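Student: I have a new model open on my screen and would like to learn how to read it. Could we go through it together?

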Amino acid sequence: MDPEAVVALAERVLAPTYRRPPVLFTHGEGMYVYDASGRRYLDFVAGIAVCALGHADPGVAEVIAAQARRLVHLSNLYHTEPHLRLAEALVAHSFADRVFFCNSGAEAVEAALKFARKFVRTHFDDRKVGFIAFAHSFHGRTMGALSVTEKPAYREPFAPLVPGVTFVPFNDIEAARAAITQETCAVIVEPIQGEGGVHVAAPEFLQALRARCDEVGALLIFDEVQCGLGRTGTLWAYEAYGVEPDLLTVAKPLANGLPIGAVLMREKVAAVLQPGDHGSTFAGGPLVTAVALHVFQRLCEPIFLAHVREMGAYLMDRLHAVELPGVKEIRGRGLLIGLEIEGDARQVVATALERGLLLTTAGDHVVRMVPPLIVERSHIDEAIAILQESMTAQSA
Ligand code: PLP
């Protein structure tokens, strides 16, 4: 299909909820994806922080094929071994005692909010229903997840949302302490905000949230859908803070591109749940969990995480070393990096695409880099060169 035909068909048959460039991608390998004309693009988006092991990974492909021949789906009415083994691995490598599986990040947030409600309903009275979330938060597009997502443009067309949500400035300890009261059910926070502009929580901030939640009997939910699973150089972003949550949401890279989400929780939360409280037809199926177990085992490897830290430091150093016109601030941790710029981030992304580099935005003025975690120095050098050209072209 030529680019005009792609655009014409998309305009005719797709719901117009996304802006896409007029390129038809056909395949990928490692750090690169290819379009229908055979052109190669260096991928610094990774399907929005999903393809941690890159594209067409042979190990992932093998597990998909082998499990597809054995058993793809059975539903949550029955046990299968990959489902159990993945839960066992997640519990063994985290603060959590138990796991609930779902199919996406937004679903993980929905489940976490429901579980928090059930917890307070079981232990407190009906007034304890409030949720605290933060400025620039992003937790997903379904009604519950959207209710704790701050951006007015995402929320307002769909009001009324879940009531009782209070937004507090991110990293403002005093404001958070004041907002979290006896009537708070749960606090939900991304240790490193992704979509909202790549903002890193201060350690004292997360520590203060933990302490205040404990004072008032509220649950603390960390949303690590974007920053978890190795992205920041530790398996979980919370490890760098010395603070553990009561519930943790994960999704994006867990099966390197197959849809999966999960809520990790402490025993005290699991203890209030019973059959029928929540569920999903597809979630935790043997195909996706077999793949996720393979991916998770690789992400957990200390040598893999050390590589992420090394590449993250190298990317940050290179970004600071080169002249990038219009950059106001460079933020992030590991391989979750945001460049706040004076101009329009979408324009930089479009120019970089024309030059063979995939980037994405995190708001109007932030260019986001979330490459596959298998990135090497040579890819970073290549990306920085294209980024520099793109930003220079734009400022000219
Ligand atoms: N939570 C965070 C922190 C996210 O970054 C995202 C997606 O970007 C979500 C939740 C929603 O995930 P999904 O798009 O899989 O529903």
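Tutor: Gladly. Let's begin with pairing: two strands pair if DSSP finds at least two bridges between them. Strands (E, at least two residues) and helices (H or I, at least four) are DSSP runs, numbered from the N terminus. Before we use these terms, note that this is a predicted model, where local features need pLDDT of at least 70, side-chain atom pairs count only at pLDDT 80 or more, and totals for chains, interfaces and linings use all residues. Residues are numbered from 1 along each chain as its sequence is written, and side-chain values use heavy atoms, with hydrogens and water left out.

Student: Which residue in E17 is the bridge partner of Ile 337?

Tutor: Met 369 is the partner of Ile 337. Strand E14 (residues 336-341) and strand E17 (residues 366-369) run antiparallel and are joined by 4 bridges. They belong to an open sheet of 4 strands in the order E13-E14-E17-E16, with antiparallel pairing. At its edges are strand E13 (327-333) and strand E16 (360-361), each of which pairs on one side only.

Student: How do I read the two faces of a strand?

Tutor: In a regular strand the side chains alternate between the two faces of the sheet. Now look at strand E11 (residues 247-250), where both faces are covered. Leu 247 and Thr 249 are buried on one side, and Leu 248 and Val 250 are buried on the other.

Student: Which strands does E11 pair with?

Tutor: Strand E10 (residues 219-223) runs parallel to E11, with 3 bridges between them. Strand E12 (residues 261-265) runs antiparallel to E11, and 4 bridges join these two. Follow Leu 247: Ile 221 has Leu 247 as its bridge partner, and Leu 247 also stands opposite Met 265 in E12.

Student: What about charged side chains?

Tutor: Side chains of opposite charge can pair when their charged atoms come close. Here a salt bridge is a side-chain nitrogen of Lys or Arg within 4 Å of a carboxyl oxygen of Asp or Glu. The whole structure has 20 of them. One of them joins Arg 298 to Asp 57, with the closest N and O atoms 2.7 Å apart. Arg 298 is in helix H11 (residues 286-300) and Asp 57 is in the loop between helix H2 (46-49) and helix H3 (58-70), so this pair ties together parts that are 241 residues apart in sequence.

Student: Are those two residues buried or partly exposed?

Tutor: Arg 298 is partly exposed at 27% relative accessible area, while Asp 57 is buried at 10%. Now try Arg 331, which is buried at 10%. Arg 331 forms a salt bridge with Glu 329, at 2.9 Å between the closest N and O atoms, and another with Glu 340, at 2.6 Å. Glu 329 is partly exposed at 40%, and so is Glu 340, at 21%. Elsewhere, a salt-bridge network links Arg 210, Asp 214, Glu 244, Asp 246, Arg 266 and Lys 268.

Student: And how is the chain divided into domains?

Tutor: Domain bounds come from an automatic or database domain assignment. Domain 1 covers 3-56 + 302-395, and domain 2 covers 71-299. Contact between them (heavy atoms within 4.5 Å) takes 26 residues from domain 1 and 26 residues from domain 2. Their C-alpha centres lie 26 Å apart.

Conventions. Buried means under 20% relative accessible area, exposed over 50%, partly exposed in between (1.4 Å probe, protein chains only).
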